[in-house]
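Work through the exercises below with the sequence and the 3D structure open. Each task is followed by a solution in steps.

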Amino acid sequence: MDWSKTKTIFIIVFLVLDCFLGYQFMEKRSSSQLDVILETTIEEQLEANGITYVELPKEVTKAAYVSGKSRLFTEADVKKLPSQKVKIEGKTKIKGTFTRPLVLPVDDPYRLREFLQHYMVNGGQYAFWSFNENEGTVICYQVYDGKMIYGNENSKLVIHVNKKQEALSYEQTMLDDLEKYERKQDIVPAIKALETLYRKGYLQPGDRVTKVELGYYGLVQFTASQVLTPTWHIVVNRKEDYFVNAFEGQVINDQGNVLE
C-alpha cells in the first residue's frame, strides 16, 4: 500500500470537510444575523439611521375611492367675478386677467382663502400648495372632505404674480360631483408608508420627515371622469415631496405613475 498517497488523500478529504463545515457555519451565522434584522421594527431601524419624523396620523384606518368629473364652467359662473376679464377655454378651464395687480397674501392662509373665495369660482375649495418665485406662480389644489387632491391638472389653480407678489392673472380647473365610494378599505398605516420610502432608498440617514398627511391622487388624469385614490403625502427635509398609495403601498411620482 502506498501510504504516501493515502496520507495525501486523507489530507485532501479533511480539507474539503473543513471547508464544508466552515461554509455551513457562515451560512448559519448569516441567517442568524438576518433573523435579528428582520426582528428589528421599522421604528428602531429609522432611529438607528438617525431618521426622525413628526407625529404620525393614527386616527384614520379606513378610506374609500372618490369619483368625480371635470367641471363645465358657464358664463353664469364667471359673469360676477370682480376686477377681472375672464374667458372660458374648452368649457373646463377659466382664464382670468385682473384689471389691476392685486396683493396676494401667500403667507397668510386665512387671507389667502378670503382672496380665493372673492375672486375665483368656488375659490374656498382650494388650498395653497406651492409658490415658485422664479416662475412667478402660486399653485393651489382643490380640497375634498378636508383632504387635498394632489398634482391634478383637473383641479388646479395657477395664479401668476409679479415681483411684488401681486396677482396678475390665473387659470382654474375644477372637479365636480365628487363622491366617495360606499365601500371603505383598510389603508396602509403612515409608519408603513415611511417604511416603503426607507426600503426604496428615498429616506437617507439623517433625514427628517417634516410632514405626513392623507389626501387623494388621480392615477389616471386628463380624462373627463376620474377616480381618486387615498394617498399619503410625505415631505422630507421640508423640500422633497413623496406620495404613497394608501391602499397598495406603492410610491407614486409627480406625474401620477407608480415608481416601484
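The model is predicted, so local features need pLDDT of at least 70 and side-chain atom pairs count only at pLDDT 80 or more, while totals for chains, interfaces and linings use all residues. Residues are numbered from 1 along each chain as its sequence is written, and side-chain values use heavy atoms, with hydrogens and water left out.

**Exercise 1. The whole chain**

Task: State how many helices and strands the chain has, and what share of its residues is buried.

Solution: 
- Step 1. Helices (H or I, at least four residues) and strands (E, at least two) are taken as DSSP runs, numbered from the N terminus. The chain has five helices and 16 strands.
- Step 2. Buried means under 20% relative accessible area, exposed means over 50%, and partly exposed lies in between (1.4 Å probe, protein chains only). Of the 260 residues in the chain, 39% are buried.
- Step 3. A contact means heavy atoms within 4.5 Å. Among contacts in the chain with a separation of 6 or more, 58% are between residues 24 or more positions apart.
- Step 4. The chain exposes about 15800 Å², and carbon and sulfur atoms supply 52% of that area. Accessible areas come from the Shrake-Rupley method with a 1.4 Å probe; for residues, only the protein chains shown count as cover.

**Exercise 2. Salt bridges**

Task: Give the number of salt bridges in the structure, then find the partner of Arg 199 and say whether Arg 199 is buried or partly exposed.

Solution: 
- Step 1. A salt bridge is a side-chain nitrogen of Lys or Arg within 4 Å of a carboxyl oxygen of Asp or Glu. The structure holds nine.
- Step 2. Arg 199 pairs with Glu 195, and their closest N and O atoms are 3.2 Å apart. These two residues are four apart in helix α5 (residues 190-199), so about one helical turn separates them.
- Step 3. Arg 199 is partly exposed at 47% relative accessible area, whereas Glu 195 is buried at 15%.
- Step 4. Another salt bridge links Glu 89 and Lys 95 (3.1 Å, N to O). Glu 89 is partly exposed at 35%, and Lys 95 is partly exposed at 28%.

**Exercise 3. A hairpin**

Task: In what sense do strands β6 and β7 pair, and which residue of the turn has a positive phi?

Solution: 
- Step 1. Two strands pair if DSSP finds at least two bridges between them. Strand β6 (residues 126-132) and strand β7 (residues 137-144) are antiparallel, with six bridges.
- Step 2. Phe 131 stands opposite Val 138 in β7.
- Step 3. Four residues lie between the strands of this hairpin, and Gly 136 in the turn has a positive phi of about 65 degrees.

**Exercise 4. Two single residues**

Task: Are Ser 169 and Asn 122 buried or partly exposed?

Solution: 
- Step 1. Ser 169 lies in strand β10 (residues 166-172) and is buried, at 17% relative accessible area.
- Step 2. Beyond four places in sequence, Ser 169 touches Gly 96, Thr 97, Phe 98, Val 158, Ile 159 and His 160.
- Step 3. Asn 122 sits in the loop between α4 (109-119) and β6, and is partly exposed at 34% relative accessibility.
- Step 4. Leaving aside neighbours within four places in sequence, Asn 122 is in contact with Arg 71 and Met 174.
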